[in-house]
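Here is a short note on the aromatic ring pairs. Please read it with the model open.

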Amino acid sequence: DLLRAFNSRTCDLVLHAQARKATGLKTISAKHLALSSRSLDVIIIIIPLLRARFQKCLSHRQQVLLQQFDSVLSNYREHRSLILNKLVSMMEDVISRNLQKWEAKVPTPSKAFQSINSNLWKLHEALAPVLSADQLELVFNNIQLAFRTHFLQNLKRQNLSPGGPQHGIVSAELSFLVEHLNSLEGLSDLGEPLLDLWSR
């Protein structure tokens, strides 16, 4: 019950943003979400150890109680996944809003791409000291996929294609973003797959 209560309360306060009312926070930041995810990581590590300990102490008939540990562990993992998805969603909203305003014209980099880059750096700065390397990579890879989707939609909206009048402008925008993505610590060559978006 204690493990379930911690998971539920953490979910309410951070993922559902009830901490804003409870503590007066203006917003739930990416760092708050990352710290919440790491707190879940600790419990996720502990639960199998507790299960193993109880397994040795319980009689054969009582072994069915171990299923409760499996259920709680599953809930914690699901909660953690929701938090990581929320981090991606937050950045995807930023990408979508900026690309909706973007037009392929000089000067480059455009304000839209500068804003996307700035927000990516701020997010990385908040998450890198907190999340594990695997989680950081997962979040940013999914953000990159989200960018691909929205960027391709906007190319279609503006009837842009490689070799057209705006070829150099779009190439410059992408090169700017790729260069900065590739320089994010712990995320080597993150931007490279974006280069082939404009070479199809």
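1. Helices (H or I, at least four residues) and strands (E, at least two) are DSSP runs, numbered from the N terminus. This is a predicted model: local features need pLDDT of at least 70, side-chain atom pairs count only at pLDDT 80 or more, and totals for chains, interfaces and linings use all residues. Residues are numbered from 1 along each chain as its sequence is written, and side-chain values use heavy atoms, with hydrogens and water left out.

2. Searching the whole structure gives 6 aromatic pairs. Rings of Phe, Tyr and Trp (its six-membered ring) pair if their centres lie within 6.5 Å; planes under 30 degrees apart count as stacked, over 60 as edge-to-face and the rest as tilted.

3. Take F54 and F69. Their ring centres are 5.4 Å apart and the planes meet at 45 degrees, so this pair is tilted. The pair links distant parts of the chain: F54 sits in helix 3 (residues 30-57) and F69 in helix 4 (residues 66-101), 15 residues apart.

4. How accessible is F54? F54 is partly exposed, at 40% relative accessible area. F69 is buried, at 15%. (Buried means under 20% relative accessible area, exposed over 50%, partly exposed in between; 1.4 Å probe, protein chains only.)

5. Next, F147 and F151. Both belong to helix 6 (residues 133-157), 4 residues apart, about one turn of the helix. F147 is buried at 3% relative accessibility; F151 is buried at 0%.

6. Which residues do ring pairs link into a cluster? The cluster consists of W102, F113, F147 and F151.
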